Amino acid sequence: MLIETSPYNDQKPGTSGLRKKVTRFQEPNYLNNFVQSIFDCLPELKGSTLIIGGDGRYYNRDAIQIIISMAAANQVTKLLIGQSGILSTPAASHLIRKHSALGGIILSASHNPGGENGDFGIKFNASNGGPAPESLTDEIFKASQTINTFHIASNSPVDLDVIGNTEIEGMQVAIIDAVVDYADLMETLFDFPKIRNLVAKPDFNLCFDAMSAVTGPYATEILQNRLGVSPESVIRKVPLEDFGGDHPDPNLAHAEELVKRMFSSTAPTFGAASDGDGDRNMILGANCYVTPSDSLAIMAANAHLIPGYKTGISGVARSMPTSQAVDRVAEALGLNAYETPTGWKFFGNLLDDDRITLCGEESFGTGSDHVREKDGLWAVLFWLNILAVKQQSVKSVVSNHWLQFGRNYYTRHDYEAVDIERVDNLFNSLEAKLPELAGTTVARRKISMADNFTYHDPVDGSVSTGQGVRCVFEDGARIIFRRSGTGTSGATLRLYVEHFESDPERFELDTQEVLEDLLDIADNIAQIKTFTGRDVADVVT
Ligand code: VG1
Ligand code: CO
């Protein structure tokens, strides 16, 4: 069937796909328009295989039924769909690669809250398994602005819960196990027998928080069934459509119960959490929190201990706001190090071209060339494998790392859902100041460089401008201001602050105290309090 429609003007994908309120997605043909725009931009989808799955949030099943009917009418040959409509983002990436699919459609708003009044999201991943590059998302947005018809079959709904095959208008639909392929992939990368021995030790215990989101079934299979972790060690493991009303965001603010346990007198040896769609991770030890930037650096320094990486890594990359801790490791090991804009799509070319093996972001994301997304459980297993080899606590691994490489004190302050105009004004005023900032000294710190980050992709030569305002100080300290591209209400300002410390006497200080002067300088430069009208940040990580 060909159905007439009219365009919406707000279907521009952000940092990771199109994210809006569920209620927006429920408006007539809102999802259909976006899906047809994908098909219109990629004629090669006709006759192809596609992977479909999501994080299980509210509207996931409805969206998948619409996509099935539209894929059939757009003459896709085969759909592989995770059972119950579930696929973690890294598992979807793996399936695209494993089945040589032309791509995949992932339904997720990741760490954003879910439920009827929460958020929903959709993104297209290409045949390498990674998020569509900016050039493609720009085209999809363009198509969505002029769309006037879409194709849809009038089939009855597919039973998503039963593994098996059906056919719709000549298109094969296979409902597949969502977990097993991913779990098998993990077994090829990590030393499962060694990790099994570690977690069986009487003095080792762990707590993994699945945050009532997609990693529940994956953690159950991998941690419990394959590694022998006790069932009580995995908490909030049943995926819920509204994530139990919480933000499925694995950080110190939102993984409350886990953080409470890990900072108690009876703290488990190891703690971790993953987000709504399973691509983020937070790593904790007993009374110890590992910043994501440090985690990436520690992984790079210890990759040779892990079976999947023992032959060496080709290079590393981090997003621009991520701390420079990994750069120090790269320098010591003689590895290439790349700095990309925020968002996993920018790592794809570097991974495909084998310029890097490991990459990560300060926002609780780490990953490698095993897929083309960041990967939460992979990071957890990487850490468990390090601990199993070193037979040390998380705290010792981190402290020893600092002793060898120094410590990058790091924090991120988020001012969420501020009036758009206020954030516009803040950035306009900041941009106007940029030319005169370099060379000036603020509170005894000299700014050596100030710009709005532009990325030149070394593989395909594409250029991405306006990726965040950065002030770099003479001693390597940095202050970065960025506007979030994943929020769904107002504008979110992210402030990132970093300071390098080489004196071991100063490795155990309070992060916020160490960074206090830089935080003051940031407010002074950008007038954050005045422009946002907020005295303090909403979330500090
Ligand atoms: C945030 C993070 C970014 C991450 C993105 C998607 O984007 O800062 O590092 O890649 O979320 O993560 P932004 O534009 O809001 O800062 V996820 O777990 O939503 O797929
Ligand atoms: Co996510």
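Buried, in what follows, means under 20% relative accessible area, exposed means over 50%, and partly exposed covers what falls in between, all worked out with a 1.4 Å probe on protein chains only. By that rule Asn 385 is buried, because its relative accessibility is 0%. The structure shown above is a predicted model, in which local features need pLDDT of at least 70 and side-chain atom pairs count only at pLDDT 80 or more, while totals for chains, interfaces and linings use all residues. Residues are numbered from 1 along each chain as its sequence is written, chains are lettered from A and ligands numbered from 1 in the order in which they are written, and side-chain values use heavy atoms, with hydrogens and water left out.

Back to Asn 385, then. This residue belongs to helix α13; helices here are DSSP runs of H or I with at least four residues, strands are runs of E with at least two, and both are numbered from the N terminus. In sequence, Asn 385 and Ile 306 stand 79 residues apart, yet their C-alpha atoms are 6.7 Å from each other in space. Ala 297 counts as buried because its relative accessibility is 0%, and its C-alpha atom is 5.7 Å from that of Ala 325, 28 residues away along the chain.

Leu 252 sits in the loop between β11 (234-235) and α9 (256-262). With 29% relative accessibility, Leu 252 is partly exposed.

Now for the ligand. Ligand 1 is surrounded by 20 residues, the closest being Thr 15, Ser 110, Ser 363, Gly 485 and Thr 486; to be near, a residue needs a heavy atom within 4 Å of the molecule. Sorted by class, this shell holds 10 polar and 10 charged residues and no nonpolar ones. For that sorting, Ala, Val, Leu, Ile, Met, Phe, Trp, Tyr, Cys and Pro are nonpolar, Asp, Glu, Lys and Arg are charged, and the others, Gly among them, are polar.

Some of the approaches to the ligand can be followed atom by atom. Ser 484 brings a polar side-chain atom to 2.6 Å from an oxygen atom of ligand 1. For Lys 374 the corresponding distance to a ligand 1 oxygen is 2.9 Å, and for Asp 275 it is 3.1 Å. A polar contact is a pair of N or O atoms within 3.5 Å; within protein, one must be able to donate a hydrogen and the other to accept it, and residues adjacent in sequence count only if both atoms are side-chain atoms.

Arg 372 is buried, because its relative accessible area is 7%. Its side chain makes a polar contact of 2.7 Å with the side chain of Asp 352, and also reaches the backbone oxygen of Asp 369 at 3.0 Å.

Backbone angles bring up two further loop residues. Asn 29, in the loop between α1 (22-25) and α2 (30-41), is not a glycine but has a positive phi of about 65°. Asn 29 is partly exposed, at 24% relative accessibility. Gln 391, in the loop between α13 and α14 (394-405), is likewise not a glycine and has a positive phi of about 55°. With a relative accessible area of 47%, Gln 391 is partly exposed.

Last come the cysteines. A disulfide is taken as a pair of cysteine sulfur atoms within 2.5 Å, and the count by this rule is 0. Cys 207 is in no disulfide, and its nearest cysteine sulfur, that of Cys 288, is 15 Å away. Cys 207 is buried, at 1% relative accessibility, and Cys 41 is also buried, with a relative accessible area of 15%.
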